[in-house]
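Here is a short note for a colleague who is new to this structure. Please read the points in order, with the structure at hand.

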Amino acid sequence: MNSFFRKLRWLMKRPEKEAELRDELQFHLEEEAEERREEGLTEEEARWAARRGLGNLTLVQENTRAVWGWTILEQLGRDLRYAFRTMAGNRAFTVLAVSSLALGIGANTAIFSFMDSILLRSLPVSDPESLVVLNWRAKARTRDDFVMKSMSGSTYDDGTGITAGIFPFPAFELLRRQDSIFSVVFAHCRYWQVRRLSLTIKGQTDLASGWNVSGDYFRGLGVRPAAGRLISPDDDRPGAPPVAVVSYGFSQRRFGGAANAAGQPILIDNLPFTVVGVTPPEFFGVDPAAAPDVYLPLHTNELLGAGRQFGFGPGDYLERNYYWIQIMARLRPGVSRAQAQAAVEPVFHQWVAGTAANERERSNLPVLLVKEGAGGLDSLRRQYSQPLYVLMTLVGLILALACANIGNLLLARAAARKREIALRMSLGAGRVRIVGQLLTESVVLGLLGGCAGVLFAIWGIRFLTLLLANGRENFTLHANLNWHVLGAAAVLSFLTSILFGLAPALEATRVDVMPSLKATQADQPKAGRVSPRISLRHLLMVGQIAISLLMLVVAGLFVRNLSNLNSIELGFNRENVLLFRVDARKAGHKDPEIVAFYRDLRDRFSAVPGVREASLAQDSLIQAGDGLPISVSGSPPDPANRFLAVGPKFFETMQIPILAGRDFKESDRRGSPAVAVINQVFAKTNFGDRNPLGHHLILSKVGEERGVGRDMEIVGVSKDARYGGLKEAIPPVVYMPYDQGYPQIDQMCYAIRTSGDPIRYVNSVREIVRQADARVPVSEVRTQAVDIDQTINQEIAFAKLCSCFAILALVIAGVGLYGTVSYNVAHRTGEIGIRIALGAERSRVVFMILREVFVLAAAGLAIGIVTALATSRFLASFLYGIKPNDGLTFMMASLVLVATALLAGYVPSRRASRIDPMAALRHE
């Protein structure tokens, strides 16, 4: 320990200690010289004798420093100073290397930050490792052979069958009794009623996202309030006073702080609630895909659903075949997830078997799955995990490309410094010492590139967030730079510096000292012909070309994929249409007055100068997807049938041609004969070549209501228009007036066709709605073009990102190839001058240099094409209307890469062909 502190004092007081050492050595020299003078030697002889007696002063100083200090730190300091001097003397190389690394490390850091927020980060709750999520898996289902007869939520295909995380409420009560396995079991759901809530606070109304939670939800997660209290079991029971808990961010926006929110009265969907508490700042719920603003007790869904035709009712809590609630639990100490699976799966199996009505249902019972719950629900992971892995692979290739590029340039510099290194080795420098010095320069470059890469990553994260959000107001995926991400960036910077620096350092020190000291440029190997020996530099250049081709192919596939999606026939005109949503029922409007309210709004919108047509529908065409039992009179309902409740002039506004019959009229309203317009798919499916006009359609009621909802006469046939997305086939669709009875209308989506940019009319729309009723907010304002783009947002993001990455890879490879060829030309100046002096044509010189470039490009293309063919099949699930091995994409990528390689080689080769022979010989 004393030695450590002594060395630390030496390091901290280095100048003083150095001065003391010099003074002490000078004192010993003078004392020794004085003794020699007393022996009779002259002044000069005494001084030299003293020096001989004391020995090598420099060696004495070095040995003293080795005892009193840290030799490794001293060497590191000298190596760092040398590295900075070397980089300052080669500014162009330094800027190029740091920029390349910054782009590669920054892109990797930005993508990794999203992976960290989606795939790696745990919920910000107490002891997340003991949380589990309960799911089930079953074989592919149909309504006739499965116990789940109705649902509110989603299922997904995991390759072995369907998987879901929704259960009947009685199943939740069953699992809650398994207290020997779980310390607490809690439930939550995002029923359609709470996904978009109308909140009125001190007279101001706005929309907020909600979440229903059971009384043990916050206790089970171990969350403490930032202010007030959180929802308890006493709040989650029928008849309890309606309370709400708001998020910390919402309290900041609407109440001016968490402390001000607790105890405040608010109106939720025009119903009185009391805010009892605020969640902590870091808490976002259990689903990273949806950070709710408001948490409501589970049983308030009865209150919010009262009076709604398809609202939640008390009877839904008793339904054993209605799947809607999501369940999580916390394991008791000492209980593993496997033990919990083994204990509760038989209990659930026995219960769910009792809900089956026949043998077919009993042969396909859902199997309970106890999954890890530290990361919460996996909806966001399922949506983005595969795209992020693809993007991470691409940015990893970019970083590999940058490393290969810098490694190639370092190899070129090492060849140029061969005589210098040979001289240093001849003076006694060890190979390990020189390699360490060269690696220090590489590490400094890597760390500088990493620091610049973090700055680039900050911009990249913002860019990616905006790109993925694509104008969506409810986009919740927000990555940031935390210690995990910064630590990963630091490790990546260090590893890449070792990766691109080690091989050149070893190559630089692999020299034969005497021949290297005697060598001149004329002694270097001639390259009039391609050397049969394949060097590391050649391999790196071939690798760069192969990686660039792979990225060009990926970018080409995604660009063509986006082009295919954009060229899909929509069946309507997407230009100059403004869409927005209005929900008057949440503001307290009832039947039948709500119909008049929506009609009056449409009339006001139509009167705005510049508005050509205005209409409304239950949803936008691209976002629609509702189905009710609809059948041709005398036939059973077809589950494939879809419907859309629309207003007058809907087809005219969307410019959907009516092929037969008529459009809806203003007179098609409540009290008039029910009518319908069908699309071509519905007409062909149900009527074949017969004329469907005049036939009747039956819309049946569902739920507790039974009977005929509407008996509609078909009055028109419209051209097929895209419904429910771009990739799916157009289903049979029935269009019907929104105000002719069943089903009751709730929110409506208005469509306004304008004579110019529709965004210019947003303020007018908001003002009209405010004047009609200030309690009714306008939400989801976007153009029809944006509405379509949001359905293919992933494809748009992929096409843009991959194109940027491919261009970046092409630039890095081109610059690297240009730098390498330029170095070769400079290194062969004397040879080229002699060739020209002996009569070689300038075109021959250009061809001589380009020939090597072409050979390397051909080798890289061959490797790249084989690799792309082997790996592109992993992109098949992302592509629409194009094969992963698309020949046109491969051909275009190859042509672009060859052109880039030849251009990068032509510029220095053309400059070489203009060398003055006399100047070249003088240079030699």
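1. **Basis.** This is a predicted model, in which local features need pLDDT of at least 70, side-chain atom pairs count only at pLDDT 80 or more, and totals for chains, interfaces and linings use all residues. Residues are numbered from 1 along each chain as its sequence is written, and side-chain values use heavy atoms, with hydrogens and water left out.

2. **Overall make-up.** The protein has 30 helices and 27 strands. Helices (H or I, at least four residues) and strands (E, at least two) are DSSP runs, numbered from the N terminus. Of the 924 residues, 51% are buried. Buried means under 20% relative accessible area, exposed over 50%, and partly exposed in between, with a 1.4 Å probe and protein chains only. Take the contacts with a separation of 6 or more: 81% of them join residues 24 or more positions apart. A contact here means heavy atoms within 4.5 Å.

3. **Helix 7.** How many of the eight residues of helix 7 are buried? Six are, and the helix is mostly covered. The buried ones are F169, P170, A171, F172, L174 and L175. Their cover includes strand 1 (131–138), strand 5 (182–189), strand 15 (326–331), helix 13 and strand 16 (367–372).

4. **Helix 7 against helix 13.** Two packed helices are described by the angle between their axes and the distance between the axes. Helix 7 (residues 169–176) and helix 13 (residues 337–353) pack at about 145°, with axes 11 Å apart. Axes are lines fitted to C-alpha atoms, for helices over the stretch in contact, and angles run from 0 to 180 degrees between N-to-C directions. The crossing of helix 7 and helix 13 is right-handed. In a right-handed crossing the near helix is turned clockwise from the far one by less than a right angle; anticlockwise is left-handed. On the helix 7 side, P170, A171, L174 and L175 make the contacts; on the helix 13 side, V344, V347, F348 and W351 do.

5. **Helix 20 against helix 29.** The axes of helix 20 and helix 29 (residues 887–913) come within 9 Å and cross at roughly 135°. That makes helix 20 oblique to helix 29. Angles under 35 degrees count as roughly parallel, over 145 as roughly antiparallel, 65 to 115 as roughly perpendicular, and the rest as oblique. Helix 20 also passes helix 29 in a right-handed crossing. Residues of helix 20 in this contact include I545, L549, L552 and G556. Among their counterparts in helix 29 are L888, F890, A893 and L897.

6. **Helix 21.** The 14 residues of helix 21 (residues 593–606) should span 20 Å at 1.5 Å a residue, and the end C-alpha atoms are 20 Å apart, which agrees. The expected span is 1.5 Å times one less than the number of residues. Buried in helix 21 are I594, V595, F597, Y598, L601, R602 and F605. Seen down the axis, these buried residues fall within an arc of 160°, so they line one face of helix 21. The arc is that of the directions from the helix axis to the C-beta atoms. Among the elements covering the buried residues of helix 21 are strand 17 (577–582), strand 18 (611–617), strand 26 (748–754) and helix 24 (762–772).

7. **Cis peptide bonds.** D591 and P592 are joined by a cis peptide bond, with omega about -5°. P592 sits in the loop between strand 17 and helix 21. Another cis peptide bond joins Y742 and P743, with omega about -5°. P743 is in the loop between strand 25 (733–737) and strand 26.

8. **Positive phi.** N576, a residue other than glycine, has a positive phi near 60°. N576 lies in the loop between helix 20 (536–566) and strand 17. At 30% relative accessible area, N576 is partly exposed. Q655 has a positive phi near 55°. Q655 is in the loop between helix 22 (650–654) and strand 21 (658–661). Its relative accessibility of 33% makes Q655 partly exposed.

9. **Two buried residues.** S209 is in the loop between strand 7 (204–208) and strand 8 (210–213). Is S209 buried or exposed? Buried, at 14% relative accessibility. Y217, in helix 9 (residues 217–221), is buried at 0%. Y217 and H188 are 29 residues apart in sequence, yet 7.4 Å apart C-alpha to C-alpha.
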